[in-house]
Amino acid sequence: MRSVVVFLLLVFSISYGDVKWYGLNDGFKKAQKEKKLVMIYIYSPKCHYCKEMDATTFKDKKVQDTINRYFVPIKVRKCSEDGMFVRAEYGYLGTPTFHFITPTGEKIKSIFGAWPKEDFLKILKYFYSGAYKTKPMTEYFMEEQ
């Protein structure tokens, strides 16, 4: 019996160690309160690359920890009311689109596509380290190699 309980705890800790996604309004309130950058993820349930991000990159513990520590992550379905608002306010490049936003709602940069965990961690670092304030993303990545 004890081994069953330990197994169930392990399963639940793995499956619930995900990125803590917020809704649009709650996410921006939290970002303003905590003075954190916002990362908006526009997805579609039918998008192959969104499913890939959800199944691989967002399941990585280091990615989860980095996002939850440095950002307020907001996930919106592309055709939902919130998704339409985000698309009108910040633009839309296809799915998946990632918008990096200041706590006050100013767009820093938008990025399109599915990314392996190693590359996505570099993208996240570009923003949370504040490098976006001093150099273009291309220059930053050339220096990081």
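A search of the whole structure, which is a predicted model, finds zero disulfides. Cysteine 47 has 9% relative accessibility, so it counts as buried. Cysteine 50 has 1% relative accessibility and therefore counts as buried too. The cut-off for buried is under 20% relative accessible area.

Now turn to a pair of helices. Helix H4 covers residues 61-70, and helix H6 covers residues 117-128. Their axes come within 10 Å. They cross at roughly 15°. Angles under 35 degrees count as roughly parallel, so H4 and H6 are roughly parallel to each other. The crossing of H4 past H6 is left-handed.

Which residues in H4 and H6 meet? From H4 come Lys62, Val63, Thr66, Ile67 and Tyr70. From H6 come Lys117, Phe120, Leu121, Leu124 and Tyr128. Sorted by class, this contact holds seven nonpolar residues, one polar residue and two charged residues.

Is threonine 66 buried or exposed? Its relative accessibility is 9%, so threonine 66 counts as buried. What does threonine 66 touch, not counting residues up to four places away in sequence? The partners are Phe71, Leu121, Leu124 and Tyr128. Leu121, Leu124 and Tyr128 are among the H6 residues that meet H4.

Terms used:
Residues numbered from 1 in each chain as written. Predicted model: local features only at pLDDT ≥ 70, side-chain atom pairs only at ≥ 80, totals over all residues. Heavy atoms only, no water. Axes fitted to C-alpha atoms, helices over the stretch in contact; angles between N-to-C directions. Helix = DSSP H or I, 4+ residues; strand = E, 2+ residues; numbered from the N terminus. Parallel < 35°, antiparallel > 145°, perpendicular 65-115°, else oblique. Left-handed = near helix turned anticlockwise from the far one by under 90°. Contact = heavy atoms within 4.5 Å. Nonpolar A, V, L, I, M, F, W, Y, C, P; charged D, E, K, R; others polar. Disulfide = S-S within 2.5 Å. Buried < 20%, exposed > 50% of the residue type's maximum accessible area, 1.4 Å probe, protein only.
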